[in-house]
Amino acid sequence: MVGRLNGKVAFVTGAARGQGRAHCVRLAEEGADIIAIDIAGPMPGGHPRPATPEQLEETRQLIEKTGRRAVVGRADVRDFDALKAVVDEGVDRFGRLDIVVANAGTMSGGRMWELTEEQWNICIDVNLNGVWKTVKATVPHMIAAGNGGSIILTSSAAGYRGYPRSGGYGAAKHGLVGLCRTLAVEVARYNIRVNTIHPNGVRTAMGRAPDPEVLRATGIDDYEIWLFDQVTATALPEGMQEPEDVAATVAYLASDEARFTTGTSLQIGAGNQLM
């Protein structure tokens with residue numbers, strides 16, 4: 001079958017499950033070979049439901065089931081050397097790099113002035129610094145290949161509006177927009193495009209909202225629950241997306257169909273920006 005990405009190679013972070021896994025599978029179905037990483041283990045101060053090595057291995061199997069090749073490794077996006085080692089291994093094997101999907105992320109909640117330094121730092125380190133390290137490890141390979149390409153950064157609706165109790169997360173996701181715009185003008189001469197995507201609610205382990213009673217037990221009051229409902233509201237009646245819905249947008253941005261799209265912040269939150 002001829003796919004939109006036949007002969008291309010994609011690198012995806014946060015690939016063990018959820019959106020990252022969906023991106024790996026969709027890009028492979030479109031014809032790309034995949035290089036993929038995930039920390040696949042606990043992250044102190046990060047999300048309480050971490051991915052596992054078994055889930056990362058399942059992602060590998062799903063990629064290979066499409067008939068495409070995979071280089072998959074455990075690496076923390078905060079660790080540049082480990083990240084670069086997997087990228088280099090994949091490029092050595094496949095000979096090129098065309099697509100980068102900087103998807104890895106974590107969330108740590110609390111009122112801005114009550115966050116611990118660990119909670120603040122992990123959101124900035126994973127969600128913003130980890131994306132910069134991903135760029136640093138991959139862009140030289142894309143330039144060297146001379147084929148142009150597409151870099152897709154996973155931001156959030158929290159990257160264009162304020163989510164309560166998400167200060168570090170929101171700051172990082174807003175920061176990705178600035179990173180994207182600067183990188184887009186820097187790599188344009190190489191015909192490399194850079195865009196951010198901004199989903200709202202996605203049905204994943206990280207995106208699953210806790211029970212309101214559990215939230216109240218942590219000190220969240222009714223006003224904060226009401227406020228969160230307001231800022232996450234959608235215009236379309238079916239607001240919660242599946243990871244595969246986001247992956248469809250990633251596949252489009254990775255393809256030549258989006259060859260004139262760069263430096264944009266693509267809002268795919270079911271009309272959240274209208275509310």
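**Aromatic pairs and salt bridges in a predicted model**

Tyr223 is exposed, its relative accessible area being 52%, a value just past the cut-off of 50% above which a residue counts as exposed. Across the protein chain the mean pLDDT is 94, with 95% of the residues at 70 or more. Confidence is lowest in helix H6 (residues 212-217), where the mean is 66, and highest in strand E4 (residues 99-102), where it reaches 99.

A pair of aromatic rings is described by the distance of the centres and the angle of the planes. The count for this model comes to 2 aromatic pairs. Tyr163 counts as buried at 14% relative accessibility, whereas Phe228, at 33%, counts as partly exposed. Tyr223 and Trp226 also form an aromatic pair, which is tilted, with 5.6 Å between centres and 35° between planes. Both residues lie in helix H7, 3 residues apart, or about one turn of the helix. Trp226 is partly exposed, with a relative accessible area of 46%.

Two further features involve aromatic residues. The charged end of Lys136 sits over the ring of Phe80, 5.9 Å from the ring centre. On the surface, Met112, Trp113 and Trp120 form a nonpolar patch with about 400 Å² of accessible area together. Trp120 lies in helix H4 (residues 117-145) and is partly exposed at 32% relative accessibility.

Charged side chains come next. Side chains of opposite charge can pair when their charged atoms come close. The whole structure contains 15 salt bridges. One of these joins Glu30 and Arg4 at 3.1 Å, N to O. Glu30 lies in the loop between helix H1 (18-29) and strand E2 (33-38) and Arg4 in the segment before strand E1 (9-13), so the bridge ties together parts 26 residues apart in sequence. Glu30 is buried, at 11% relative accessible area, while Arg4 is partly exposed, at 29%. Arg4 also meets Glu257 in a salt bridge of 3.1 Å, N to O. That pair spans 253 residues, with Glu257 in the loop between helix H8 (243-254) and strand E7 (265-267). Glu257 is exposed, at 53%. Together with Arg26, the residues Arg4, Glu30 and Glu257 are linked in a network of salt bridges.

Notes
Residues are numbered from 1 along each chain as its sequence is written. This is a predicted model: local features need pLDDT of at least 70, side-chain atom pairs count only at pLDDT 80 or more; totals for chains, interfaces and linings use all residues. Side-chain values use heavy atoms; hydrogens and water are left out. Rings of Phe, Tyr and Trp (its six-membered ring) pair if their centres lie within 6.5 Å; planes under 30 degrees apart count as stacked, over 60 as edge-to-face and the rest as tilted. Buried means under 20% relative accessible area, exposed over 50%, partly exposed in between (1.4 Å probe, protein chains only). Helices (H or I, at least four residues) and strands (E, at least two) are DSSP runs, numbered from the N terminus. A charge sits over a ring if NZ of Lys or CZ of Arg is within 6 Å of the ring centre and within 35 degrees of the ring normal. Patches are made of residues with over 30% relative accessible area and no salt bridge: like charges are joined within 9 Å, nonpolar side chains (Val, Leu, Ile, Met, Phe, Trp, Tyr) within 5 Å. Accessible areas come from the Shrake-Rupley method with a 1.4 Å probe; for residues, only the protein chains shown count as cover. A salt bridge is a side-chain nitrogen of Lys or Arg within 4 Å of a carboxyl oxygen of Asp or Glu. pLDDT is the predictor's confidence in each residue, from 0 to 100.
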